[in-house]
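Subject: handing over the structure

Hi,

Here is the structure I promised to pass on. Have a look first, and my notes on it follow below.

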Amino acid sequence: MALRIALFFLLLGFSSGEEFYGFREASTFLAAKKYDYIIIGGGTAGCPLAATLSKNFSVLVLERGGAPYGNVNVSFMQNFHISLADTSPASASQAFVSTDGVINARARVLGGGTAINAGFYTRANPSFVTRAGWEEELVNESYLWVEKQIVHLPELAKWQEALRDGLLEAGVSPFNGFTYDHLYGTKVGGTIFDKDGYRHTAADLLAAGNPSNLHVLVHATVQRIVFDRRGGRLRAVGVNFKDEQGTLHKASLNGNAKSEVILSAGAIGSPQILLLSGIGPKSDLKKLRIPVVLHNEFVGMGMSDNPMNTVFIPSKKPVEQSLIQTVGITKGGVFIEASSGFGQSSDSIKLHHGILSAEIGQISTLPPKQRTREAIRAFMNGKKELPREAFQGGFLLEKIAGPLSRGHLTLVNRDADANPAVTFNYFKHPHDLRRCVYGVRTMIKIARTKHYADLALDDVSAQKLLNVTAKANVNLIPRHPNDTTSLEQFCRDTVITIWHYHGGCHVGQVVDSSYLVLGVNRLRIVDGSTFPASPGTNPQGTVMMMGRYMGVKMLRERLGRETTR
Ligand code: FAD
């Protein structure tokens, strides 16, 4: 019923919450206006940053995707996986496959990752804040600013209650109740989905901005940053972007020495745009005939993705769909979460989105070696005929905290719309593999507690759980015969992503501690590409907080502390 009401309002052009409708199509751009700030990427960090800076300064936001409002794939929790499965050019989610063979996704929509993610909201570990050198008081104020606007208390689904109780029985204690704080033990966190399953995104935070100073363009794909060397010092002066019709425009900063271009294009987008603009390893840029503006061997280096491995539990009856609501923060360097019920509609059954998809059910007919993308597509078509019960169940999932394995990002061409090549080197570091094994053992323990036994199809021996998971798991990694007898091999062969990739523009290598790009004036990066690790159990809260935090810091630096009170 709630869904029908929300749909009704959507069709009428209304919806719940403080939504921001002050965006325009990129082709309406007027080149004569010059800006104090040009923000590349209207995503998780870009939106709160833009809203904050617009209080006192003119801000232009250039977002390559469309609006989240009126897009049912974005707005409704039920469509989480349908949105990821949409590979059309207009999709809010752009699929990519890392060179490791793991299917992944990056946002392409106003609101960024918050418009396609699983919604779980939590804060960073205090040690992350200390290590970043952030001011604790302003960090707390900035989290609160976000939470008041878009974060909700979840109504726990049965699958999530079972995880809560199973974690406690497996020794992941104490129970910390509902909290945003990062505490050892088991907790329930916040969510950006409201009680009707309606998603509130970072784009909603734009409504807190000053409308007369805030200009947001959608379908504006930045091609490169424009520089000037007059006076002997390299400085950003504007950006080139393409509108929805493919016409090229130049947006310019005004003459103020403090005006800035700010990259908030995410962990894939920000290093990609720096490279396209000629900032990066000289030899790589030359290979693609990109004029070298500034040699920096570290751009795109140190990329990380937290590996995720799952245990699938087939269920007796259909289970309610749930995304992440409960988390176990273990002392073994692993976070345990859960999701359930992806086969609830015929739409979800026919779709494939790489992981956690409906075909990861009891029936997986593809031998591992044949799991090419084409074969998966053929399987998708065939499975429309399968009985609904084949898709019942849910997952336990584990994420390695702070992987020590590192990878890199390089351009494959000069096309800003294309994905760069990204390598994460999952489990290259032995400590990551050890933690994965610990996580799988813990998940099996939880799956075998009475809390899941009540929901599960039949008796779940460890071997059965590993078999069903390994058989059904979707990635493009070659399988080994011992993938269910060796937990190390299980981890390697069934690794997927939790989409918390980060790095590529590290502090001290690409940016300084204020996130200003080294060797260039008036250019800054504010997003997860600067993170040494993924904050908290799930990063979106801290990425939004960072946008607000940096906005307030920058206003204070220009105008004095009192202006932001
Ligand atoms: P983004 O939010 O991706 O912002 C970058 C923006 O820049 C995008 O809107 C993009 O379109 C735009 N852009 C890129 N290139 C250009 C260009 N050339 N020109 C113009 N614009 C450009 N985190 C959680 O905390 N909880 C969860 O439950 C959770 N689940 C997830 C599930 C999925 C499927 C995904 C993908 C992520 C999930 N995350 C979750 C992670 C979290 O959403 C991301 O870490 C975070 O949103 C990334 O923020 P960002 O600002 O770095 O990038």
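Let me begin with helix α12 (residues 430–447): at 1.5 Å a residue its 18 residues should span 26 Å, and the end C-alpha atoms are 26 Å apart, so the two agree. The expected span here is 1.5 Å times one less than the number of residues. Helices (H or I, at least four residues) and strands (E, at least two) are DSSP runs, numbered from the N terminus. The buried residues of α12 include Asp432, Arg435, Val440 and Ile446, where buried means under 20% relative accessible area, exposed over 50% and partly exposed in between (1.4 Å probe, protein chains only).

Before you load anything: this is a predicted model, in which local features need pLDDT of at least 70 and side-chain atom pairs count only at pLDDT 80 or more, while totals for chains, interfaces and linings use all residues. Residues are numbered from 1 along each chain as its sequence is written, and side-chain values use heavy atoms, with hydrogens and water left out.

The overall picture: the chain has 16 helices and 27 strands, and 61% of its 565 residues are buried. Taking contacts (heavy atoms within 4.5 Å) between residues at least 6 apart in sequence, 73% join residues at least 24 apart.

Now the cores. A nonpolar core is a set of buried Ala, Val, Leu, Ile, Met, Phe, Trp, Tyr and Cys residues joined through side-chain atoms within 4.5 Å. The largest one has 131 residues, and Trp134, Ile225, Leu274, Tyr452 and Leu523 have the most contacts inside it. Helix α16 (residues 540–559) gives this core its largest share, nine residues. There is also a second, separate core of 22 residues, with Met77, Leu84, Ala115 and Ile329 among them. Back to Leu274: beyond its neighbours within four places in sequence, its contacts include Ile225, Val299, Cys505 and Leu523.

On to the sheets, where two strands pair if DSSP finds at least two bridges between them. Six strands make an open parallel sheet in the order β1-β11-β4-β3-β15-β27, with β1 (23–25) and β27 (523–525) at the edges, each pairing on one side only. Its neighbouring strands are turned by 20° against each other on average, direction ignored. Within it, β4 (residues 59–62) and β11 (residues 214–218) pair over four bridges, and Leu62 has Leu217 as its bridge partner in β11. Helix α2 (residues 46–53) lies across β3, β4, β11 and β15, at about 170° to β3; axes are lines fitted to C-alpha atoms, for helices over the stretch in contact, and angles run from 0 to 180 degrees between N-to-C directions.

A second open sheet is antiparallel, with four strands in the order β24-β23-β18-β26. Three bridges join β23 (residues 407–410) to β24, and His408 is partnered by Thr423. Helix α8 (residues 266–276) lies across β18, β23, β24 and β26, running at about 50° to β23.

Last, strand β20 (residues 326–329) is covered on both faces: Thr326 and Gly328 on one side and Val327 and Ile329 on the other are all buried. Strand β9 (residues 185–188) runs antiparallel to β20 and is joined to it by four bridges, with Lys187 opposite Val327. β20 also pairs antiparallel with β21 (residues 334–340) over two bridges. In the hairpin of β20 and β21, with four residues between the strands, Gly333 takes a positive phi near 75°.

Cheers
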